[in-house]
Amino acid sequence: KPISILVYGDPSIGKTTFGVGAPKPMIIDLDRGLDRVDERFSGDSVEYMEVDAYEDILEFMQSDEINKYESIVIDTFGKFIDVMFDYLARKTPKLRMYNGQPSQAGWGQIKTVATKFIQDLMKLNKHIIFIAHAKEEKRGEEIITRPDISGASGKELIKEIDLVGFMTNKGGNRTICFEPGDYFTAKNGLGLNGFIEVPQDNSLFSKILDKVQKKRENRKKLREEYDELLSEQDTKLSKVGTPEDLDLLIKELKDQETKIIWGSRLIFWNKIKKLA
């Protein structure tokens, strides 16, 4: 199953390089970031499109060409919003104020169109990678680092995707963290642990996929054990014929050695009460 991820951080930290490391990627290069990627990683095998107008992206999304790729990389999402708004304002000029910025109606239209675009991407059954720069905001005396995405579209993106990773330089080593912190935005919808060091060989995306796959396999195994445990409960309840039989089940339920997975103990107790 593919994953969706937003990676953000300071310039030249390796965000675009990370996207290049995804399986069979198409880099939608809105920020000309591919020019700054080490040639070892951006050779002839990496395909990309330089976008001058939103129509270029729409044409690609509606073409059969998209079927060739396993991953779609939007670099950067902040620039994508700019290009998309330019398209909307050309169609409906009143969405742009005299200073060139979106009007209130313009921001609303940006949110609507961006949300639909994100949802359409998710339906493609491909890995989706969004790249963004970082920006700092003051919260009282504290400095908070967030993805540099204008308007509410950034919040909509974070709601839809699996992972949000902050890439930074920590103790001389580049790392990425998906675990939310006090001073930066992150999202860990797939259960990854702590800071992950960024390897020199650009295998980070593969390492993340491996970790996610193991988590999913473990969860699947646990789910099977959980279903089996509930089935055993039903079998035991079906054999209850007297109040004494029920007392024995209650005693078993209170036994600290009784196997528990998620809410299985509470479910068993509710079944016993109903039968009683």
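In this tour, contact means heavy atoms within 4.5 Å. With that in mind, residues 24 or more positions apart account for 62% of the contacts in the protein chain with a separation of 6 or more.

**Before you start**

Residues are numbered from 1 along each chain as its sequence is written. The model is predicted, so local features need pLDDT of at least 70, side-chain atom pairs count only at pLDDT 80 or more, and totals for chains, interfaces and linings use all residues, while side-chain values use heavy atoms, with hydrogens and water left out.

**Stop 1: the whole chain**

Show the protein chain as a cartoon and you will find eight helices and 10 strands. Helices (H or I, at least four residues) and strands (E, at least two) are DSSP runs, numbered from the N terminus. Along the principal axes, the C-alpha atoms fill a box of roughly 80 × 50 × 45 Å. The radius of gyration of the chain is 25 Å, whereas a compact globule of 276 residues would have one near 19 Å. That radius is taken over C-alpha atoms, and the globule rule is 2.2 Å times the number of residues to the power 0.38.

How much of the chain is buried? Of the 276 residues, 42% count as buried; buried means under 20% relative accessible area, exposed over 50%, and partly exposed in between (1.4 Å probe, protein chains only).

**Stop 2: helix H5**

Select residues 153–160, which form helix H5. Here Ser 153, Gly 154, Glu 156 and Leu 157 are buried. These four lie on the same side of H5 because they cover an arc of only 160° around the axis, where the arc is that of the directions from the helix axis to the C-beta atoms. On the other side of H5, look for the exposed Lys 155 and Lys 159.

**Stop 3: Thr 145 in strand S6**

Next, select Thr 145 in strand S6 (residues 142–147). Thr 145 is buried, with a relative accessible area of 12%. Leaving aside neighbours within four places in sequence, its contacts include Tyr 8, Ala 134, Phe 166 and Tyr 183.

**Stop 4: Gln 233 in helix H6**

Move on to helix H6 (residues 204–238) and pick Gln 233. Gln 233 counts as buried, at 5% relative accessibility. Beyond its neighbours within four places in sequence, Gln 233 is in contact with Ser 264, Ile 267, Phe 268 and Lys 271.

**Stop 5**

Most residues other than glycine have a negative phi, and most peptide bonds are trans. The next selections depart from that pattern.

- Asp 75 to Thr 76: this peptide bond is cis, with omega near 0°. Thr 76 sits in the loop between strand S4 (71–75) and H3.
- Lys 24: although not a glycine, Lys 24 has a positive phi of about 40°. You will find Lys 24 in the loop between helix H1 (15–20) and strand S2 (25–29), where it counts as exposed at 53% relative accessibility.
- Asn 125: this residue, also not a glycine, has a positive phi of about 60°. Asn 125 belongs to the loop between H4 and S5 and is exposed, with a relative accessible area of 60%.
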